Amino acid sequence: MKYENNYYKDYDLGNLPKDSIKELEELSLESAKEGIVMLENKNNVLPLKKGDCVSVFGRIQREYYKSGTGSGGLVNVKYVTNIVDELKKYDDIKINEELLSVYEEWKKENPFDKGQGWGGEPWCQKEMDVDIELVKKARAFGDKAIVVIGRTAGEDRDNSASEGSYLLSKGEEELLSKVSSVFDKVIVILNVGAIIDMKWVEKYNISSVLYVWQGGMCGGRACAEVLMGYSPCGKLADSIAYDISDYSSSANFGGEINNIYKEDIYVGYRYFETFAKEKAIYPFGYGLSYTTFDVNASAAVNGDKIVVTATVENKGEYDGKEVVQVYFGAPNGKLGKASRELIAYAKTKMLKKGESETLTLEFSINDMSCYDDSGATGHKNCYVLEAGQYIIYAGKCVRCCEPIFAYLQEQTEVVRKCTQALAPKIPFERMKNEGGNIAYEPAPTIEYDLIERVNNNLPAEIPFTGDKGIKLEDVRTGKNTIDEFIAQLTTDELCCLVRGEGMNSPKVTPGTGCAFGGVTEELNSYGVPIVCGTDGPSGIRMDSGLPATSMPNGTCLACTFNDELVSKLYSLEGVEMTAYEIDVILGPGINIHRSPLNGRNFEYFSEDPYLTGKMACAISKGLNKVGVYATIKHFMANSQEWKRHTGDSVISERALREIYARPFEIAVKEGEVKSIMTAYNSVNGYHAASNYDLTKTILRDDWGYDGFVMTDWWAHITNLDGTTSTSDFATMVKCQNDIYMVMENAKNNNDNLKASLESGYLTVGELQVCAKRICEFVMNTHAYERFKANGFKYDASSLDTANMSLEATLENVELDTVIPMHFKKAGRYVVELEFTTPQSELAQIKIPLKINKMDACTFVAKGTNGAQGVVKANTSIMQWEQKLVFSSENEVKINKVKFYI
């Protein structure tokens, strides 16, 4: 099949398996269904039954949130299913059409509010003020009411413990009050990215509650299928507390400069189950079904592993799936431990009434170790198994699991020796378990000189040989070594390798996030391909308008507890990526849900590092099966969006290793990950983009990572002396973060690489080791195969207008206005915009151009703080008169447009 567009080259999708797009949509639907979590179902009000007459309240019934906003949700789709229209397809029930028409009339005067600019969409929408008489009339139609509540979330902005964000809005509260005062059977559907306050369930005696999350373009259909009888089988990936203040992180969340992680390892259920069970309304791993299951489990030691055998039997009336969850409780010992930690899980197949399945789960005994950063056990900076009994639990959630086995560790044992790394510089008190009571102790601080560590571990320089005719293909075939290849490259060529271009580079698929690798003619001549990467935690982002499949968000996928399903889903996304010539997806995000208020929780997975890490493995392996790659991000401790460029996450080394770095470690060691993106924030005093202990000592030396690392877009960099900038690429390279993302032209960038080489601050050897990793990565991509098939030549268009002629000019362009223009020549044009916007440099500005009502190109730039900016894009334009329309959701003024050919 081909995607036809007059203004882009045709994308030949002929290598796609038959009906693969349909299969991807179907698997997205299945994933969305399996992620839905039912928290209440009093008197079996669900599923809906034949003959039910249902009234649906809430504007989101037809304005389904497929995803959050920002880079995690910008997917162009052909359609999005909604809840009420999908329910109307079932003949067994009747939907109150009169009530629906009232909502549609009201929305004509109250349209969906998309907000202004990057991250400007409100987290909730205005709700219709429902008259009580309308509710009573609806009750006369039937005895069941569905209330749909929606939330978006997104990049660059957190949630807040206020109305219309974490709490219900005033309009939603009034709606629930009125509906529950008339209806006895009230079903609430939460179309949200992450958990919200739930006190209203008890207050209004709600019959049934479903978290349907943001299920992608098929999410509305998934919700309808569950309402109509597909048995819910999702489990909570987060604990839900009575109040936001009950979370252990709440007192230390949202700081502008330092965020002190005083709760230490006691995040989410590790806190609640250890110290405050009564404060969690719904525990981690909880989720109801339309049927019932018996779980009988046992465990035994087998070598260095513990093997759990669990038989699950469906004892109810509906088909369904169940998740077996295995936890361990370690002896409190000298370090202090959480009372429960998830260590294994497995999901059954669809079990019919009376059917059973036996699952086998196993884990390494060493995985029950913890990190001693203080020396309390006598083994400082080591993972240890403290002496005592380790109780193994199995069941359906963290709260309802039962003890099934006791493993005795007779004496404290060192499992793994490490080096102190990324320890905090700022002294603070951290939480500790003292006999089941909360105590505090000083967190150990840094005891080494970082600059000395860096200088004592400088990589050796490969002597420069000049061009010896060695191509990257010679390295691939084993004819030459990578060192022999790198030895040929000049320092200018090495510098270009560590510079990624974008966004919307003309050298790769239109509208994508970055191009890297062979971004110059000189690098191309050595056989280095241009690799394409773009956002895609929940589907491929292409700002050019090209369509893709929107999949369920991270929280929804985590709630499936189904690694196999998630892996298959991403294999199919990998097929779609391949069709669009995209090699690397910038996701998944695997930061921990430290607080429910993080604006990007929708694209992250869970409060639990093990579940998060396993989801990352499933995604990475699924993509790798079809030859494309995940980029796990944001490495690490990106726990809030507020002041994300300047905030410092101050964390003990133990909490860092056991909680916040743990998902990345699992993904690196088990998930075949080859690409990692660092975070915007600082971790213990150094920005993640230039944090030596993060990207070298821990990632490469401790975990053995052999892939490459990129920065987040326009990241801040902390010099070893503590100063910060966005142009200190030399320090980034010294810290072995391999590529800076992004800039317009790798050959002409205002950074300090050349000056730092001349001064000796940066060595050629440091630059070469980054270049090696990049080349080793790019030669194992589809981009390389495409380049090779084209005879190691590119026809890529350039944005350089030096040798082009100016064909036409526009001034003071009005947005959303049709502009007739006559072009004497047909061909590939470079279009240059001069514009201003009051938005900050952290904002992403998009200005789409349509020609004759078709997407032509999208200009992507940073905010300018009111100054004039220039941005270019290229597109094909036909001869004679064309009708142009520039638009933008951002606050933008276009001062001049130039057309070069």
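Predicted model: local features only at pLDDT ≥ 70, side-chain atom pairs only at ≥ 80, totals over all residues.
A residue is termed buried at under 20% relative accessible area, exposed at over 50% and partly exposed in between (1.4 Å probe, protein chains only). Residues are numbered from 1 along each chain as its sequence is written, and side-chain values rest on heavy atoms, with hydrogens and water left out.

The structure contains 31 aromatic pairs, a pair being two rings of Phe, Tyr or Trp (its six-membered ring) with centres within 6.5 Å, stacked if the planes are under 30 degrees apart, edge-to-face if over 60 and tilted otherwise. One of these is the tilted pair of Phe 516 and Phe 708, with 5.4 Å between centres and 40 degrees between planes. Because Phe 516 belongs to strand E25 (residues 514-517) and Phe 708 to strand E34 (residues 708-710), the pair ties together parts 192 residues apart in sequence. Helices (H or I, at least four residues) and strands (E, at least two) are DSSP runs numbered from the N terminus. Phe 516 and Phe 708 are both buried.

Tyr 629 and Phe 777 have ring centres 4.8 Å apart and planes at 55 degrees, and the pair is therefore tilted. Tyr 629 is in strand E28 (residues 629-630) and Phe 777 in helix H22 (residues 764-778), so this pair ties together parts 148 residues apart in sequence. Tyr 629 and Phe 777 are buried.

One aromatic cluster is formed by Tyr 269, Phe 284, Tyr 327, Tyr 345, Phe 561 and Tyr 610.
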